Amino acid sequence: MYIPETQLYIEVISQAMRDALGMSGDQGYNPYVKAQAIAWFDKDNPNFNFICTTVGLSPAYVIKLLKKFGTEKKNFVRNFKINPTN
């Protein structure tokens, strides 16, 4: 089911991935931001679980994507696909 907040939550996940991968593009990037983002991707984090499930994604799948993108160092935004009708 699509709700108005869906796009916002997708952007939250995308930004957290960029931060966790050190790809935020922010000139004043702080390594602490990266550490916080990595910690946010935790299957026991209720906020992370809520956002993932609200947009129709499995938290485990999102964590798997983060690991994959971290390993491959690809531009994950192009690979991050979601159907807004979920």
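Reader: At what angle do H1 and H3 pack, and how far apart are their axes?
Author: In this predicted model, helix H1 (residues 6-20) and helix H3 (residues 46-54) pack at about 125°, with their axes 9 Å apart. Axes are lines fitted to C-alpha atoms, for helices over the stretch in contact, and angles run from 0 to 180 degrees between N-to-C directions. Residues are numbered from 1 along each chain as its sequence is written. Local features need pLDDT of at least 70, side-chain atom pairs count only at pLDDT 80 or more, and totals for chains, interfaces and linings use all residues, while side-chain values use heavy atoms, without hydrogens and water.

Reader: Which residues of H1 and H3 meet?
Author: Tyr9, Val12 and Ile13 in H1 meet Phe50, Ile51, Cys52 and Thr54 in H3; contact means heavy atoms within 4.5 Å.

Reader: How many helices and strands in the protein chain?
Author: Five helices and zero strands, running α-α-α-α-α from the N terminus. Helices (H or I, at least four residues) and strands (E, at least two) are DSSP runs, numbered from the N terminus.

Reader: What percentage of the residues is buried?
Author: Buried residues are 34% of the 86 in the protein chain, where buried means under 20% relative accessible area (1.4 Å probe, protein chains only).

Reader: What share of the contacts joins residues at least 24 apart?
Author: 58%, among contacts in the protein chain between residues at least 6 apart in sequence.

Terms used. Buried < 20%, exposed > 50% of the residue type's maximum accessible area, 1.4 Å probe, protein only.
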